[in-house]
Every structure is written in C-alpha cells, then in structure tokens.
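Please examine the sequence and the structure before reading on.

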Amino acid sequence: MHGRVKVKSTAQQEEEKRKEREKKLKIYVAARDACFTKRKEGIFDDEALQISQQLLSSNPDFATLWNYRREILMYLETVKEEDEVQKIYVAELSFLESCLKVNPKSYGSWHHRWWVSTRLPKPDWARELNLCDRCLSLDDRNFHCWDYRRMVVKMSGVPVDQELAFTDRLIGSNFSNYSSWHYRSTLLPLLHPESPEPTSPCHKPPQSSTPPSPQILSHRVCEEQLLKEYELVQNAFFTDPNDQSAWFYYRWLLGRAEREEMISCVYVCRDEERVAVAFSGPVNAQACGLLLVLDGLPQRVEWRSVHPRFKHSPVWICDFPPGTISDIPNEHNLTVHWTEKPTHRDCALYTGRSESWCRDSATDQELFRSELSVEKTSVLQSELQSCNQLQELEPLNKWCLLTIILLMRALDPLGYEKETLAHFQTLKEVDSMRSAYYSDLCSKFMIENTILKMEYAEVRVFSISDKNLTTLCHLDQLLLVTHINLSSNQLQRLPPQFAMLQCLEVLEADDNSIENLEGVYHLPKLEEVILKNNKISSLSDLQPLASCPKLKRLDLRGNPVTQTADVESKLAELLPSVTDLLL
C-alpha cells in the first residue's frame, strides 16, 4: 500500500471545492467592500489601484470598478509628471491584455482600453493595431475588437488602401468573415467612389483615415471596382453557397436606389373642405415647414397625420375654415410649399368639381425599385445570369433564390412576376422557419405589382383578392383609391396605415382572418364596409368604424361578434349612421 495515492471520495472532493469557493468569495467580497469604501471616502491611491486590479483580473465585467479605476487614473494625472503618467498608462494597457485573455469580449475591458489609449501622452498605435490583429486571428468576429480597431485607425491615420488590404487578407483566409465584408463596405466608397464626371469612371480621392459619413456611405462604388468586387464575392458564394456573409455583401454591392424626397400628390376635397398631401416618404409636416397657399394667400391651417399613432407619416391632412372652398361656382388654386427642401406642388379646384388632385404619373422605377439600384441594367442582368447558373447547381439554396427574386424585381417586376411567385414557393419549402417572412415579402411585391397595373390603367379601384396576402404595405400610394377589394386573403388586421386611404368609399375584405380594424380611422368618405367571414369577436373591435361619419352599410355575417347578446341594438348605438346592417 505504500507509495499509492489515496483516492478521495466524490463527496470529499465536492466539500473541499465548496470550502475553497467560500474562501475565495470571502476574499473577493472583502476586496470589493474595501474598494467601495475608498471610493466613497474619495481615496485615490496606489492601494485602490492594486485592489481593483485583483478584482478585475478575475471579473473584468465589473463596470463600477472600471469607473473607479478611471477616477484614480485621472487623479494621478494631476499629481504625477508626464513621464510617470506614461508609465502608469502603459502598465494599464498590459493589465488590460490580461483581462482580455480572461474574456476577449468584455465590454468593460475594451471600453477602458479605448479610454486609456486616448489619454496616453505618447500613444503607440502600432502596438494597438498589432493587438487587434492578434485578437482577430483568434476570433475574426469579435465585434468589440473591430470597433476598437476602427478607433485606432481613425486616431493613427492608417491609409484607407492599407485597411482594404487588411480585409483582403482576412476574407482570403475565411470567406465567412462577415465583419470583414462589412468593414470593406465602409472603405470602398472612400477609396473608389462613383465619380459624377463621366470621363473619370474610377477617380480616386486623396487617402483619408476619417470614417465614412452617412452621406459618403450613400454613394455608389465606381463601376470598374464594382466589377472586381462582383468577381470576389462570386468566388465566395460559389465556394460556399450556404454562407450568408458573402450574400449580404453582395446585396450591398448591388446597391439601393434612393427615391427623391418630394411631394408626390396633393388632393383637395370641396365637400369636406380638406387637403391631403402625400410625400415620397414619412415626414413630420408639423416640423418640416409645410405652407398652404390658397388663391395667392397663405392659410393658417393645422396639419395632422392621418392616424394619432403617427408623428412621421407619408400622408398629412388639414381642414379649411368652413365656407373657404365650398362655393361650387368658384375656382380655386392651391399651392403646397415644402420649405425644408424646398419644393412645391400646385393643384386647381375647377368650377363645378367637388374634388381635384395633382400628381406626376409615376413609373415602376420611381415607385418601387428601391430594393436594388437600376442605374446599370446590363450589370444587373449579368448578375442574374450568374445567380441562375449557381441555382442550377444549388437548386435549394435560399440565399441564391432570394437574390434572384430581388434582381428580377429590379429588372422587370411585372415581366418576372410568374417566376418570382414560383421562387417564393420554393423558398417557403426549403426554409420553412422563415415562411412567414417570405409570405410578407411576397405580399409586398404583389401589392407593388397591383399598384403598377393600376397606375398604368389610371383607375381609382384597387383589387387584390385571392392572392394569399399576409400583410398590407404601400398604402400611401392609395390616397386616391375609392374602392378596395382585399377579399379571400390571409390578412389578420387593417393596420394604422390604412387611414391613408382618405378617398375610400367602399371596403371589401371578406374571407380573411381580420381581428383588428385599427386603420379604419376617420375615413371621411367611407360608406360601405363588407367584412363577411372574418374573426371580429367583440364590439370594441368595431370602435374605429364609429369615426367614419358617412358609413351607411356594414356586413358582418360570419363573424363571432354576431353571437353577442343584443348585438344589433348595441351596434345601432355604436354606429348610428349605419342604415343597412347585415348580421
């Protein structure tokens, strides 16, 4: 038996571990309390630095201790010479490296390192870049390190082309490095911006270490460089078609077209003495300087959004004082000025007419080609061919299918409608967890196509029944619609944006799953609502209809609410204007 190690029982081992943990905890709590006491008493000495260092070495995510440590260091700056301060901060950087070894993604450690680096009398930015390289070699998706690196690059003036070469190395070693792709997207517009001069397609500006501003980020990359980037990213997703990093970068390369900010439509109604103004995007009309001029005279009117929930809305309305434009024999000329841009739109209300509107006839490029840029159709067509080739090799690749859909939308939304619907069906099958997202996106595209067809026909009727719609969008484009048919879809609600349909007279939404009518709010012309076979279960769900002053006919057959006791009398009280009620 001599010389043999005695094996302890599991119970003994657990008890010894428990006692050891309790011992460490008592030491930790005592040190923590000592730090708190010193901070409360305003003591900023070397002992406090040592105690906080011991605590942070085992728990680098103790934010209060980092704050106390910064207070100590700022105090030492006031009582030490610059050379001593330099040594203290260099030692602090060494200590921080040990903390990052404990937790490479510690918020407190990275923030404190940034703070120390900016206060160093003589910072060594090369050392900091080297640290970033080492950390990213261990974990190339450490976003704390990426943020810190961008700060170091900015402070040290590293040339943009040098940073772009850095992303080349990381992407070359790992196509799945999303952070490198994203960083690359911030650098390319600085180094290879799209030049406004046609004679200089790839003009390079002076190198700059300044991070790109939002304005610069909105600029496109020059075509020569884009073609090189397309080749790079295609190598990535042909190598690993299921990796999402390259596909996201590819979407960025294809670009987004920005719609011009403008007043897209002005509608004036003589009967309601009301003006509705539609913009190309959500605005705050109360803050952006909207001026209404009637017959050459500025009007004092109060602009309001179409629904109380909206502070920013694409559609705003205002009312004239009674009698201002109600005189049928007279003609009136209105101008809406958007002084913030500045831009304006005129509208004439002619003699004998009860309403009038003014807007430009819009094309599909102007309305909905915002997913991908359409400035270079030939390039997009080439990219579509490349994606189709990949799809033949990988027929069930969801990223490829979705990109093909977006390219088809950018090139010819109506011409590719049949193929788009087929691809959506495949997407729902191969990526069933995101089926609801694909259904909503498909609904969005179907609504866009229906609006385009309606625009070309110049009608005020919007019919999109039996299309499996799960959501409603682009309702700001339907300001002038008088009749809407949404029957036989999968809608569960009429959202607040539905209140933008200020000219709506007839609403048909049979055979859906509608439970919420929040968007049917204060529609001044609404006369008829048909909601057969939905899921409206209580009278409170019908409350928004009470704000529609001209509502005459309401069909609620096949809804649970019809089983409510005394439903007819209660509805008569809730909706006194309704004379034709079908239950």
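The structure holds 33 salt bridges, a salt bridge being a side-chain nitrogen of Lys or Arg within 4 Å of a carboxyl oxygen of Asp or Glu. Side chains of opposite charge can pair when their charged atoms come close. The model is predicted: local features need pLDDT of at least 70, side-chain atom pairs count only at pLDDT 80 or more, and totals for chains, interfaces and linings use all residues. Residues are numbered from 1 along each chain as its sequence is written, and side-chain values use heavy atoms, with hydrogens and water left out.

| Salt bridge | N to O distance |
|---|---|
| Asp 33 and Arg 32 | 3.0 Å |
| Arg 69 and Glu 92 | 2.6 Å |
| Lys 453 and Glu 417 | 3.5 Å |

The surroundings of these residues can be described with relative accessible area: buried means under 20%, exposed over 50%, and partly exposed in between, with a 1.4 Å probe and protein chains only. Asp 33 is partly exposed at 34%, and Arg 32 is partly exposed at 27%.

In the next pair, a salt bridge links Arg 69 to Glu 92. Arg 69 belongs to helix H3 (residues 63-79) and Glu 92 to helix H4 (residues 82-102), so this pair ties together parts that are 23 residues apart in sequence. Helices (H or I, at least four residues) and strands (E, at least two) are DSSP runs, numbered from the N terminus. Both Arg 69 and Glu 92 are buried.

Lys 453 lies in helix H17 (residues 435-457) and Glu 417 in helix H16 (residues 417-430), so the pair ties together parts 36 residues apart in sequence. Lys 453 is partly exposed, at 43% relative accessible area, whereas Glu 417 is buried, at 16%. Elsewhere, salt bridges that share partners join Glu 97, Arg 113, Arg 127, Glu 128 and Arg 134 into one network.

Helix H16 also packs against helix H15 (residues 398-411), at an angle of about 160 degrees and with the axes 10 Å apart. Axes are lines fitted to C-alpha atoms, for helices over the stretch in contact, and angles run from 0 to 180 degrees between N-to-C directions. The angle makes H15 roughly antiparallel to H16, a description used for angles over 145 degrees. Contact means heavy atoms within 4.5 Å. Among the residues of H15 that meet H16 are Leu 401, Ile 405 and Met 408, and the H16 residues there include His 423, Phe 424 and Leu 427.

Two loop residues complete the account. Arg 141 is found in the loop between helix H6 (125-138) and helix H7 (143-156), and is partly exposed at 38% relative accessible area. Leaving aside neighbours within four places in sequence, the contacts of Arg 141 include Lys 105, Trp 146, Tyr 178 and Asp 243. Arg 141 and Ser 180 are 39 residues apart in sequence, and their C-alpha atoms are 8.4 Å apart in space.

Leu 504 occupies the loop between strand E11 (483-485) and strand E12 (506-508). Is Leu 504 buried or exposed? Leu 504 is buried, with a relative accessible area of 0%. Not counting residues up to four places away in sequence, Leu 504 touches several residues, among them Val 481, Ile 484, Phe 498 and Leu 523. The C-alpha atoms of Leu 504 and Glu 81, 423 residues apart along the chain, are separated by 76 Å.

Definitions and conventions: Parallel < 35°, antiparallel > 145°, perpendicular 65-115°, else oblique.
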